[in-house]
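Reader: I'd like to go through this one before I set anything up. Can you show it to me?

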Amino acid sequence: MLPHAVTLEDLRYVYDPQMHATMLRDAPRNRFYAACLKNHRKDIEGNVVVDIGAGCGVLSALAVRYGKAGHVHAVEAMPELARNIPGVLKAALSVEEDGERRITVHSGLIQSIFQNPPLGWPTNVAVLVSEWFGMMGLSEGIALPLVHCRDCFVPTPHMIPGRLSIWIQAAMAPPKKGTRFQCGPALADADSLVGQPHLLLDVDLQHCTNEDMFEAVIQRLSAVHHRNSMEDDKQRSENSACGLFGWFDLYCCSEHHDKMLQTGPTALD
């Protein structure tokens with residue numbers, strides 16, 4: 001069973017303004033996206049880009065600067081975030097980069113925008129960029145609207161990032177204090193982790209379906225539970241855990257593993 005479509009109420013329930021402010025200063029994350037956009041400049045330069053879940057507008061600015069996008073449509077569902085985007089763009093881009101003309105901000109859910117397209121909404125898009133964050137990358141339910149947006153354009157836009165992996169590992173202690181507000185690597189002591197990490201999801205965002213993502217997670221969680229249930233009582237008592245620790249990795253695209261953003265417990269090693 002797939003989750004229901006994301007609503008504005010869902011987003012407000014998990015909205016964390018401190019996390020969005022942190023993302024503006026998240027150098028490893030911004031370097032990753034800048035490298036991806038440079039790597040695909042041939043696909044982006046002079047063309048139309050859609051930034052799904054634009055947040056504060058960081059990726060839109062990077063698409064103009066490093067991808068040389070002709071025009072970017074920044075889509076942000078939450079009005080309280082969307083109204084901050086012009087100020088961020090003005091501070092981030094030079095006069096010559098002309099962010100005010102080259103970036104259009106749309107406040108609304110992507111499914112609503114497709115139902116009632118605003119003036120100037122594109123029919124052909126070269127690249128779709130998306131920001132993933134939170135403990136397992138799914139904090140604001142980006143997966144469903146992203147796949148919906150991708151499938152509404154013909155031909156299919158190039159996806160940046162292009163591959164997502166989600167991991168879990170048993171832990172004997174909770175993450176370090178303050179991790180709740182961190183959108184980059186989660187802070188966990190290696191000594192608190194038990195056993196080996198389990199790969200929950202590994203999908204090519206260019207081609208995957210919603211079923212590929214959500215049904216695969218359910219199947220792999222069931223497999224992890226089955227393996228754990230096969231351990232003898234002694235091993236379970238020696239490796240007792242208080243919960244699961246989850247994280248995600250992003251790749252520029254499924255073919256380029258050299259451009260990677262890690263958010264797991266070893267990311268800061």
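Reader: What kind of model is it, and how are residues numbered?

Author: This is a predicted model, in which local features need pLDDT of at least 70 and side-chain atom pairs count only at pLDDT 80 or more, while totals for chains, interfaces and linings use all residues. Residues are numbered from 1 along each chain as its sequence is written, and side-chain values use heavy atoms, with hydrogens and water left out.

Reader: How many helices and strands?

Author: The protein chain has 12 helices and 9 strands. Helices (H or I, at least four residues) and strands (E, at least two) are DSSP runs, numbered from the N terminus.

Reader: And how much of the chain is buried?

Author: Of the 269 residues in the protein chain, 46% are buried. Buried means under 20% relative accessible area, exposed means over 50%, and partly exposed is in between (1.4 Å probe, protein chains only).

Reader: What about the accessible surface?

Author: For the protein chain that is about 13600 Å², with 54% belonging to carbon and sulfur atoms. The areas come from the Shrake-Rupley method with a 1.4 Å probe, and for residues only the protein chains shown count as cover.

Reader: Contacts: what share join residues at least 24 apart?

Author: 77%, taken among contacts in the protein chain between residues at least 6 apart in sequence. A contact means heavy atoms within 4.5 Å.

Reader: How many bridges join E1 to E2, and how many join E1 to E4?

Author: E1 (residues 48–52) is joined to E2 (residues 71–76) by 5 bridges, with His73 in E2 as the bridge partner of Val50. Between E1 and E4 there are 4 bridges, and Val49 has Val127 in E4 as its bridge partner.

Reader: Which way do the E4 side chains point?

Author: Val127 and Val129 point one way from E4 (residues 127–130), Leu128 and Ser130 the other way, and all are buried.

Reader: Change of topic. Where is Ser165, and is it buried or exposed?

Author: Ser165 lies in strand E6 (residues 163–171) and counts as buried because its relative accessible area is 1%. Its side chain makes a polar contact of 2.9 Å with that of Asp202. A polar contact is a pair of N or O atoms within 3.5 Å; within protein, one must be able to donate a hydrogen and the other to accept it, and residues adjacent in sequence count only if both atoms are side-chain atoms.

Reader: What else does Ser165 touch?

Author: Leaving out residues up to four places away in sequence, Ser165 touches Leu199, Leu201, Asp202, Trp247, Phe248, Asp249 and Tyr251.

Reader: How do E6 and E8 pair?

Author: They pair in the antiparallel sense over 9 bridges, and the bridge partner of Trp167 in E8 is Trp247. Strand E8 (residues 243–253) has 9 of its 11 residues buried.

Reader: Why is H10 called largely enclosed?

Author: Because 7 of the 10 residues of helix H10 (residues 143–152) are buried. Arg150 is among them.

Reader: Which residue does Arg150 form a salt bridge with?

Author: Asp151, with the closest N and O atoms 2.8 Å apart. Arg150 is buried at 3% relative accessible area, whereas Asp151 is partly exposed at 49%. A salt bridge here is a side-chain nitrogen of Lys or Arg within 4 Å of a carboxyl oxygen of Asp or Glu.

Reader: How many salt bridges in the structure?

Author: There are 8. Among them is Arg101 with Asp98, at 2.6 Å between the closest N and O atoms; Arg101 is exposed at 55% and Asp98 partly exposed at 26%.

Conventions. Pairing = 2+ DSSP bridges.
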